[in-house]
Amino acid sequence: MIAAKSLNAGYGKLQILYEVDLEARPGEITAVVGPNGSGKSTLLKAIAGIAKIFGGRVYIGDRDATKMPAHERARLGLAYLQQTKNVFQNLTVLENLRMAAYTLDAERFRDKLEEVLEIVPIKPYLNRPARELSGGWRQMVAVAMALMRDARYFLFDEPTAQLSPKFAADILTLIQKLRDMGHTIILAEQNAKKALEISDKAYLLVSGRVNYAGPAGD
Ligand code: ATP
Ligand code: MG
């Protein structure tokens, strides 16, 4: 589970989020929707340890992560996926995956890779430089990298922005697959309709506050 309790957060002295309460459960997709600038990305960043927390708490699994730096949150299995910034452009896809799983020896790396390629269909691209991939495939590689390091908590920030409808559908299918594996997923989307179709629960942010929290269908 990922939880925020009375979370106040922002940047420097600038407060963006006010008393945000959120609970995202394993095996569920929790959508965070709201207009431009309402604080969706800031909420994900506060959970990931990138935005500043002024007050309240963040829990990841059963751990209080409020004061943990970002790298320690990653060690708890948290993956923060921004659309373009997760993949090293100058490395091949395989090198990116190797990097993500640097703690594994060669044999465990091969086993893990096989397992991940069952989930994320990027096998034909393994030897291609990441910079040659389209945004959609790069997003897939980023998910594969997170799975290589056994991430269980996924924060997706606008994963389908700027993608063609076909790619957007593929990414949403992959996110549903992660959900069905029992992972905890928070999905920030400006296009509420697209997000709500695959989400179990939804939070509507307006000016940094939760305006609605409940089933995604309503
Ligand atoms: P969008 O739908 O456009 O992605 P959002 O809901 O994700 O919007 P945020 O990116 O969280 O909104 O931005 C919320 C507010 O925080 C905005 O007023 C924005 O200008 C401000 N903001 C975002 N990042 C920073 C930063 N690094 N430093 C200062 N202010 C920031
Ligand atoms: Mg945003």
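Biologist: Which residues in α3 meet Val 141, Ala 144, Met 145 and Met 148 in α5?

Modeller: Val 93, Asn 96, Leu 97 and Ala 100; contact needs C-beta atoms, placed from the backbone, within 7 Å. Mind you, this is a predicted model: local features need pLDDT of at least 70, side-chain atom pairs count only at pLDDT 80 or more, and totals for chains, interfaces and linings use all residues. Residues are numbered from 1 along each chain as its sequence is written, with chains lettered from A and ligands numbered from 1 in the order written.

Biologist: Why are α3 and α5 called roughly parallel?

Modeller: Their axes, lines fitted to C-alpha atoms over the stretch in contact, with angles from 0 to 180 degrees between N-to-C directions, come within 8 Å and cross at roughly 30 degrees. Angles under 35 degrees count as roughly parallel, so α3 and α5 are roughly parallel to each other.

Biologist: What makes β2 and β5 edge strands?

Modeller: The open sheet of 4 strands runs β2-β1-β4-β5, paired antiparallel; pairing takes at least two DSSP bridges, and strands are DSSP runs of E, at least two residues, helices H or I, at least four, numbered from the N terminus. β2 (14-24) and β5 (63-64) each have a single partner strand, so one side of each lacks a neighbour in the sheet.

Biologist: How do you know that β1 pairs with β2?

Modeller: 7 bridges join β1 (residues 2-11) to β2, and the definition asks for at least two, so they pair. Within that pair, Gly 10 stands opposite Gln 15.

Terms used:
Parallel < 35°, antiparallel > 145°, perpendicular 65-115°, else oblique. Contact = placed C-beta atoms within 7 Å.
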